[in-house]
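Colleague: Before I use this model for anything, I would like to go through it with you. Could you put it on the screen?

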Amino acid sequence: MKLLVVGGAGYIGSHFVKAALDAGHEVAVADNLSTGHRASVDERALFAQLDVRDQAATCDLLEQSTTDAVVNFAAFSIASESMQEPLKYFDNNVGGMVSLLAAMRSVVLGGVCPASARSARSALAASCSRCLAPLPAWG
Ligand SMILES: NC(=O)c1ccc[n+]([C@@H]2O[C@H](COP(=O)([O-])OP(=O)(O)OC[C@H]3O[C@@H](n4cnc5c(N)ncnc54)[C@H](O)[C@@H]3O)[C@@H](O)[C@H]2O)c1
């Protein structure tokens, strides 16, 4: 299969990438390198530096490739930090997943990729900053 591994430069993702390549899959990695490392990406994999919350760029990447499946490891994962900065975690972990799913749906169903998706979501998050209790927002 042709796999797109989002967050594939991170701890878990980079091990998945190697295992998938060893199993005979073709792998492309998309990662914004916020906590991951380019050197952790197996040299057999293609690499694109991309933030999955950038829905338009994610759409472009999916449109340019012939991906059979997407595997998502992109997230912040420090439990203590998620208690102190829950919005940061909701924005990246939940918002990133929603953005990725919307991009996948747009490409699969042939819809339009909204360039303004991220700014609309960020405005919503800012307006809700006082609504969120400090509950674990990761995992
Ligand atoms: N490490 C563990 O023991 C463990 C255990 C269970 C579950 N998990 C989960 O696995 C996932 C990955 O964890 P990890 O330990 O590999 O973390 P990590 O920080 O090493 O990897 C996350 C990767 O995602 C990338 N990333 C983050 N936000 C991104 C974005 N918006 N767009 C593109 N790339 C982005 C980072 O640059 C990094 O390469 C998390 O959801 C975590 O909760 C981890």
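Predicted model: local features only at pLDDT ≥ 70, side-chain atom pairs only at ≥ 80, totals over all residues.

Colleague: What pattern does the protein chain follow along the sequence?
Modeller: The protein chain holds five helices and four strands, and of its 139 residues 31% count as buried. Among contacts between residues at least 6 apart in sequence, 66% join residues at least 24 apart. Read along the sequence, the order of the elements is β-α-β-β-α-β-α-α-α.

Colleague: In which sense do strand 1 and strand 2 pair?
Modeller: Strand 1 is mostly covered, since four of its five residues are buried. Val6 stands opposite Ala30 in strand 2, and five bridges join strand 1 to strand 2, with the sense of the pairing being parallel.

Colleague: How many residues does the largest nonpolar core have?
Modeller: In soluble globular proteins, nonpolar side chains tend to be buried together. One of the core residues with the most contacts inside it is Ala30, which touches Leu4, Val6, Ala48, Leu50, Val52 and Leu61 when residues up to four places away in sequence are not counted. Val5, Val6, Val17, Val27 and Val29 are also among the core residues with the most contacts, and the size of this core is 23 residues.

Colleague: Is Ala28 buried or exposed?
Modeller: Ala28 is found in strand 2, and the C-alpha atoms of Ala28 and Leu46, 18 residues apart along the chain, are separated by 4.5 Å. Leaving aside neighbours within four places in sequence, Ala28 is in contact with Leu4, Ala45, Leu46, Ala48 and Ser65. Because 20 C-beta neighbours lie inside 10 Å, Ala28 counts as buried.

Colleague: How far apart in space are Val70 and Ala28, C-alpha to C-alpha?
Modeller: Val70 has its place in strand 4 (residues 69-72) and, with 18 C-beta neighbours inside 10 Å, counts as partly exposed. Residues up to four places away in sequence aside, Val70 touches Leu4, Val6, Leu100 and Met104. Val70 and Ala28 are 42 residues apart in sequence, and their C-alpha separation in space is 9.6 Å.

Colleague: Which residue is 5.1 Å from Asn32 in space, C-alpha to C-alpha?
Modeller: Asn32 lies in the loop between strand 2 and strand 3 and counts as partly exposed, because it has 19 C-beta neighbours inside 10 Å. Its contacts, leaving aside neighbours within four places in sequence, are with Gln49, Leu50 and Asp51. The residue at 5.1 Å from Asn32, 17 residues apart in sequence, is Gln49.

Colleague: What value is the phi of Leu33 near?
Modeller: Leu33 lies in the loop between strand 2 and strand 3 (46-49), where its 15 C-beta neighbours inside 10 Å make it partly exposed. Most residues other than glycine have a negative phi. Leu33 has a positive phi, near 60°.

Colleague: Is Val108 buried or exposed?
Modeller: Val108 has its place in helix 4, and Val108 and Leu62, 46 residues apart in sequence, are 9.1 Å apart in space, C-alpha to C-alpha. With 10 other C-beta atoms within 10 Å, Val108 is exposed.

Colleague: Which element gives the most to the shell around the ligand?
Modeller: The ligand is surrounded by 24 residues, the closest being Gly7, Gly10, Gly36, Ala74 and Ala75. The elements that give two or more residues to this shell are helix 1 (11-22) and helix 4 (86-109). By type, the shell divides into ten nonpolar, eleven polar and three charged residues. With three residues, the element that gives the most is helix 1.

Note on methods: Residues numbered from 1 in each chain as written. Near = placed C-beta within 6 Å. Nonpolar A, V, L, I, M, F, W, Y, C, P; charged D, E, K, R; others polar. Core = buried A, V, L, I, M, F, W, Y, C linked by C-beta atoms within 7 Å. Buried ≥ 20, exposed ≤ 12 C-beta atoms within 10 Å, placed from the backbone. Contact = placed C-beta atoms within 7 Å. Pairing = 2+ DSSP bridges.
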